[in-house]
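Me: Got a model open here. Can you walk me through the sheet and the pockets?

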Amino acid sequence: MTGLFIVFEGGEGAGKSTQESLLGAWLERKGECVVRTREPGGTPAGEAIRTVLLGKDFEGLSDKAEALLFAASRGDHVDQVIRPQLEQGAIVLCDRYLDSSVAYQGYGRELGVERVRDLSLWATGGLLPDLTIVMDIDPSIGLSRVQAPDRLESEPVEYHRRVRQAFLDIASKDPEKYLVIDASEAADVIAAQIAERVSELMGRSR
Ligand code: TYD
């Protein structure tokens with residue numbers, strides 16, 4: 001594969017989408033072909049699954065069904081969008097990926113980290129990002145920025161604290177593949193940190 005796969009992760013209200021669009025615009029100015037996508041979603045089936053997962057119509061959805069649906073959306077997304085785009089040389093920027101399942105379902109729901117990870121690895125044929133940018137924020141600050149909380153955002157703050165710790169633990173084990181950002185910094189300062197790391201990655205891999 002010749003493209004680059006870059007994922008944004010982190011808790012709620014950390015400014016992932018802002019940074020994803022700033023990075024996308026910066027890469028496009030450099031002449032790169034950029035594909036922006038998100039999870040759950042990114043394909044027609046994925047977007048339908050998203051409405052089940054995040055809508056408030058399914059408050060009683062079981063934890064296992066939740067984990068399976070996130071993995072189902074991811075498998076379809078990789079087969080139909082991410083892998084084909086990478087094969088064509090695009091830079092794929094994805095808002096959330098496998099580590100969200102590990103953090104929210106594995107740690108947050110306490111379903112078992114290995115099991116949740118293995119499920120997504122099976123669904124995706126083992127595709128992992130070249131770089132994951134973790135936007136780290138205190139959940140009490142992040143959640144206060146969310147305007148209309150969805151089903152997961154409505155979980156208690158302790159749940160979101162477990163999720164935050166999970167992302168930090170995952171990132172600390174593999175600093176080559178992760179960049180942890182203090183999301184309380186100004187957006188332009190963060191954008192510069194991300195651009196520097198992505199330049200480095202492009203220099204190495206192309
Ligand atoms: P989204 O609206 O994209 O939230 P955000 O703007 O915070 O990224 O909703 C995604 C929600 O789904 C978010 O609460 C995190 C959760 N999620 C999981 O629990 N597991 C997953 O595998 C993914 C991809 C997301």
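**Sheet and pockets**

Reply: β2 and strand β3 (residues 91-95) run parallel, joined by 5 bridges. Strands are DSSP runs of E, at least two residues, and helices are runs of H or I, at least four, numbered from the N terminus. Two strands pair if DSSP finds at least two bridges between them.

Me: What should I know about the source?

Reply: This is a predicted model, where local features need pLDDT of at least 70, side-chain atom pairs count only at pLDDT 80 or more, and totals for chains, interfaces and linings use all residues. Residues are numbered from 1 along each chain as its sequence is written, and side-chain values use heavy atoms, with hydrogens and water left out.

Me: Which residue in β3 is the bridge partner of Arg36?

Reply: Leu93.

Me: And what is the strand order of the open sheet?

Reply: β2-β3-β1-β4-β5, 5 strands with parallel pairing. The edge strands, β2 (34-38) and β5 (178-182), each pair on one side only.

Me: Switching to linings. Which element gives the most to the lining of the largest pocket?

Reply: α4, with 4 residues. By class, that lining has 7 nonpolar, 8 polar and 10 charged residues. Ala, Val, Leu, Ile, Met, Phe, Trp, Tyr, Cys and Pro count as nonpolar, Asp, Glu, Lys and Arg as charged, and the others, Gly among them, as polar.

Me: How does the lining of the second largest pocket split by class?

Reply: Into 11 nonpolar, 1 polar and 6 charged residues. α4 gives the most there too, with 4 residues.
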